[in-house]
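Please walk me through this protein model one feature at a time.

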Amino acid sequence: MNLEIRDVGHEDREWVRELLADRWGSAGVVTRGILHQADTLPGFLALADGKPEGLLTYRISGGDCEIVTLDSLLERCGIGSALINAVRTLAQSGGCRRLWLITTNDNIPAQEFYQKRGFRIRAIHRGTIDQSRKLKLEIPEKGIGGVLIRDEIEMEIKLR
C-alpha cells in the first residue's frame, strides 16, 4: 500500500463532512465544553493508493495543539500513526508545548492506541459528557460494549 499524508484542501471538504457525519454523527465535535465544527478545522488526509482512507483534524490554541478528530478507515495499516506523526511534527515545528486530545471512558481501544504512541493520561474529567450532550445532541448514552459514556479522558504528549 502506498500511503501519502497531505493537508486537507478545499477540494476535500465535502468528503470530510461526509466522513464526520458518518463516524461522529455530525461535523460538530465537543471537547472540554467547546463545540468545534471539525469540517472547517485544518487537518491531514491519509491517501492509500490515492484513495482517502484517513483524516485527522486539529486546532492550535495557546501554545497547545489539540487533535479534535482522528479516523482511519483501514485499521492496523499505519494510517492513524502516520496522521499523528504529521500533526506532531507540525506542532513541534510551530513551538507547541503539548499535543493533546480527548477520548471517552468507553473507548478503551482508543486509549490503548494513543498510549502505544506515547500519549499519557493527563486528566479524567468526570461527568462532563452530560454537558457535552447539551451542545451536541447526537452523543449517545452508551458507547463501545454498551458502556455508559460519562467522562472525558484527556491524553497528552509533552513536546517541550
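**Salt bridges, strands, rings and a pocket**

Glu141 and Arg133 form a salt bridge, with their closest N and O atoms 3.6 Å apart. A salt bridge here is a side-chain nitrogen of Lys or Arg within 4 Å of a carboxyl oxygen of Asp or Glu. The model is a predicted one, in which local features need pLDDT of at least 70 and side-chain atom pairs count only at pLDDT 80 or more, while totals for chains, interfaces and linings use all residues. Residues are numbered from 1 along each chain as its sequence is written, and side-chain values use heavy atoms, with hydrogens and water left out.

Is Arg133 buried or exposed? Arg133 has a relative accessible area of 10%, so it is buried. The cut-offs are these: buried means under 20% relative accessible area, exposed means over 50%, and partly exposed lies in between (1.4 Å probe, protein chains only).

In the whole structure, 16 salt bridges are found. Side chains of opposite charge can pair when their charged atoms come close. Another of these bridges joins Arg6 and Glu11, at 3.9 Å from N to O. Arg6 is partly exposed, at 24% relative accessible area, and Glu11 is exposed, at 61%. Glu156 and Lys158 also meet in a salt bridge, at 3.6 Å from N to O. Glu156 counts as buried because its relative accessibility is 10%, whereas Lys158 is exposed, with a relative accessible area of 57%. Through shared partners, salt bridges join Asp64, Arg97, Arg98, Arg122, Glu154, Glu156 and Lys158 into one network.

Next come the strands. Helices (H or I, at least four residues) and strands (E, at least two) are DSSP runs, numbered from the N terminus. Two strands pair if DSSP finds at least two bridges between them. S5 and S6 pair in the antiparallel sense over 8 bridges, and Thr57 has Thr69 in S6 as its bridge partner. The two strands S5 and S6 form a hairpin with 2 residues between them, and Gly62 in the turn has a positive phi of about 60 degrees. On S6, 9 of its 9 residues are buried. S6 also pairs with S7, in the parallel sense and over 4 bridges. In this pairing, Glu66 stands opposite Trp100 in S7. S7 is mostly covered too, with 6 of its 7 residues buried.

Arg32, with a phi of about 50 degrees, is found in the loop between S2 and strand S3 (34–37). Its relative accessible area is 34%, so Arg32 is partly exposed. Arg76, with a phi of about 60 degrees, is found in the loop between S6 and H2. Arg76 counts as exposed because its relative accessibility is 85%.

The aromatic rings come next. A pair of aromatic rings is described by the distance of the centres and the angle of the planes. Rings of Phe, Tyr and Trp (its six-membered ring) pair if their centres lie within 6.5 Å; planes under 30 degrees apart count as stacked, over 60 as edge-to-face and the rest as tilted. The structure holds 3 aromatic pairs. Phe44 and Tyr58 form a stacked pair, 5.8 Å centre to centre with 25 degrees between the planes. This pair links distant parts of the chain, as Phe44 lies in strand S4 (residues 43–48) and Tyr58 in strand S5 (residues 51–61), 14 residues apart. Both Phe44 and Tyr58 are buried. The ring centres of Tyr114 and Phe119 are 5.4 Å apart and their planes are at 70 degrees, so this pair is edge-to-face. Tyr114 and Phe119 are both buried, and together with Phe113 they form one aromatic cluster.

On a 1 Å grid over the protein atoms alone, a pocket is an open set of points where a 1.4 Å probe fits, with protein on both sides within 12 Å along at least five of seven lines; lining residues have an atom within 4 Å of a point. Of the 43 lining residues, Trp24, Leu70, Thr103, Asn107 and Ala110 are the closest to the centre of the pocket. Elements that give two or more residues to this lining include helix H1 (13–24), strand S6 (64–72) and strand S7 (98–104).
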